[in-house]
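Biologist: I am new to this one. Please show me the structure, and then I will ask about it piece by piece.

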Amino acid sequence: MTNTQNPSTSPDQHATDSPGNPLHGVTIGLDIGGTKTHGIRFEDGVPVGDDAAGSSNVQNVSRDQAARNLAELFARIGGGRVDRVYAGSGGIDTDEDAAALAALIQPLVPEARITVVHDSRLLLAAGRASTGVAVIAGTGSAAWGRNADGGEARAGGWGYLLGDEGSGYWLGREAVRHSLRRMNQGLPIDQLTASLLASCGLDHPNKLIALFHSPDTGRRFWAQQARHVVEAAAAGHQDSAALLEQAGRDLAALAGQVLGQLKIEGPVILGGGLGMNVAPLQESFRRNLEAGGITDVRVLDQEPVFGVLQLLAEPA
C-alpha cells in the first residue's frame, strides 16, 4: 500500500482525528477504475452522497482529462468541508504513482488529508477482510493480498499491453481474434462475430483490424465489447463459453500466485465489473481455486469504495 498525505496537516492538528472515532468528520472515498471514478461522501461514516464521473486513472486517460473528471465529481459530492480523501486506483505501483494522483486531487480539497492505495486494497476491505487476496476483474485485472504478519504481494496488474488476462479488455480482444481466425479459415460469420461487427458498425471481419489499431478506439472501447462474449455464451455459443472459462482460470492463477507468496489459504475475494456480474466466470474462478484446495472464495457483494470505512477503522 502506498500513501500520500497533505504535508501541511499533521494528525494532531486535524479536526477529524478525534480520539476513539476514526470515522468522525467528512471523508470522500474514491474507487478509480478504467472506465469510471466512483465517489462516495461519508459524514461520520454514513454515506450521504454517491456519484460517478469518467475515469481519472492516468493509465487510461490524459492527466488533463483525469483532472476534469475529478473536478466534475467533486463539484457534486465534495462541497463544503472535506477532512480526508481515501482513493483507490489501478496503476498505483510506487510512491510516485500515489503522489501524482494525490496532486490531482489536492487542489479540489486543499485542506484534506489524502491517502492513495491500489484499488485492490479497497476490494479486500470491502469484502470485510483484513487479510486474504483480492482479485479485480474489470477493465483490467490484478490480484493483491496481505497476510497476518503484514506481508503484501501482488500478481498481474501489468496493464493491457503486458497482461490483464481475464479482464474486460482481454475478452474484447479475444472476441476480435476469434472473428479474425474464422475469417482466415474461410468459416462463416458466427453469433459472436455478428454481434461484435454490429456493435462496431462494420460489415466485414477484416475491418476489425484497422479499427482495433485505430486511435479512435482504445482500452475502454474494447473492454466494453466483452459484453458480446457474455451474451453469446449465455445463448449457447461454445467458443464464448470457453473464453469465460479461460478468464476464470487465469484470474484464479493470479490469486494462486499471491496465496503462495503469502503462504495463506484465503479468503479470496473476486470483484470488478466482470467479477461481480458474470456467473460463468465466477464459477470457473471458484472451480479452479477449489482444484488447488482453496475453498474460501467469495464474490464481492458491495461496491469497493465502501472498503474505505474498514480501512479507516483499522489500526494504523
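Biologist: Which residue meets Arg298 in a salt bridge?
Modeller: This is a predicted model, where local features need pLDDT of at least 70, side-chain atom pairs count only at pLDDT 80 or more, and totals for chains, interfaces and linings use all residues. Residues are numbered from 1 along each chain as its sequence is written, and side-chain values use heavy atoms, with hydrogens and water left out. A salt bridge is a side-chain nitrogen of Lys or Arg within 4 Å of a carboxyl oxygen of Asp or Glu. At 3.0 Å, N to O, the partner of Arg298 is Asp296.

Biologist: Is Asp296 buried or partly exposed?
Modeller: Buried means under 20% relative accessible area, exposed means over 50%, and partly exposed is in between (1.4 Å probe, protein chains only). Asp296 has 30% relative accessibility, so it counts as partly exposed.

Biologist: How many salt bridges does the structure hold?
Modeller: Side chains of opposite charge can pair when their charged atoms come close. Asp51, Glu72 and Arg76 are linked in a network of salt bridges. The total for the structure is 13.

Biologist: Is Asp83 buried or exposed?
Modeller: The relative accessible area of Asp83 is 3%. That value is under the 20% limit, so Asp83 is buried.

Biologist: Which residue meets Glu245 in a salt bridge?
Modeller: The N to O distance is 2.3 Å in the salt bridge between Glu245 and Arg287. This pair links distant parts of the chain, 42 residues apart: Glu245 is in helix 9 and its partner is in helix 11 (residues 279-291). Helices (H or I, at least four residues) and strands (E, at least two) are DSSP runs, numbered from the N terminus.

Biologist: What span does helix 9 reach, from its first C-alpha to its last?
Modeller: Helix 9 covers residues 238-262, which is 25 residues. The expected span of a helix is 1.5 Å times one less than its number of residues. For helix 9 the reach is close to that expectation, at 36 Å.

Biologist: What separates the C-alpha atoms of Gly260 and Ala153?
Modeller: Gly260 is found in helix 9. Its relative accessibility is 47%, so Gly260 counts as partly exposed. Gly260 and Ala153 are 107 residues apart along the chain, and their C-alpha atoms are separated by 9.5 Å.

Biologist: Which peptide bond is cis, with omega near 0°?
Modeller: Most residues other than glycine have a negative phi, and most peptide bonds are trans. Just after helix 9, Lys263 takes a positive phi of about 60°. Pro267 lies in the loop between helix 9 and strand 9 (268-271). The cis bond runs from Gly266 to Pro267.

Biologist: Is Asp164 buried or exposed?
Modeller: Asp164 has a positive phi of about 60° although it is not a glycine. Its place is in the loop between strand 8 (152-156) and helix 4. With 3% relative accessibility, Asp164 counts as buried.

Biologist: Where is Asp44 found?
Modeller: Asp44 is not a glycine, yet it has a positive phi of about 55°. Its relative accessible area is 46%, so Asp44 is partly exposed. Asp44 is found in the loop between strand 2 and strand 3 (46-54).

Biologist: Which element supplies the largest share of the lining of the largest pocket?
Modeller: A pocket is an open set of points on a 1 Å grid over the protein atoms alone, where a 1.4 Å probe fits, with protein on both sides within 12 Å along at least five of seven lines; lining residues have an atom within 4 Å of a point. About 780 Å³ of space lies in the largest pocket. Of its 37 lining residues, those closest to the centre are Gly33, Gly34, Gly138, Thr139 and Gly273. The largest share of the lining, 5 residues, comes from helix 10.

Technical notes:
Grid points are joined across faces, edges and corners, and a volume is the space filled by probe spheres set on the points.
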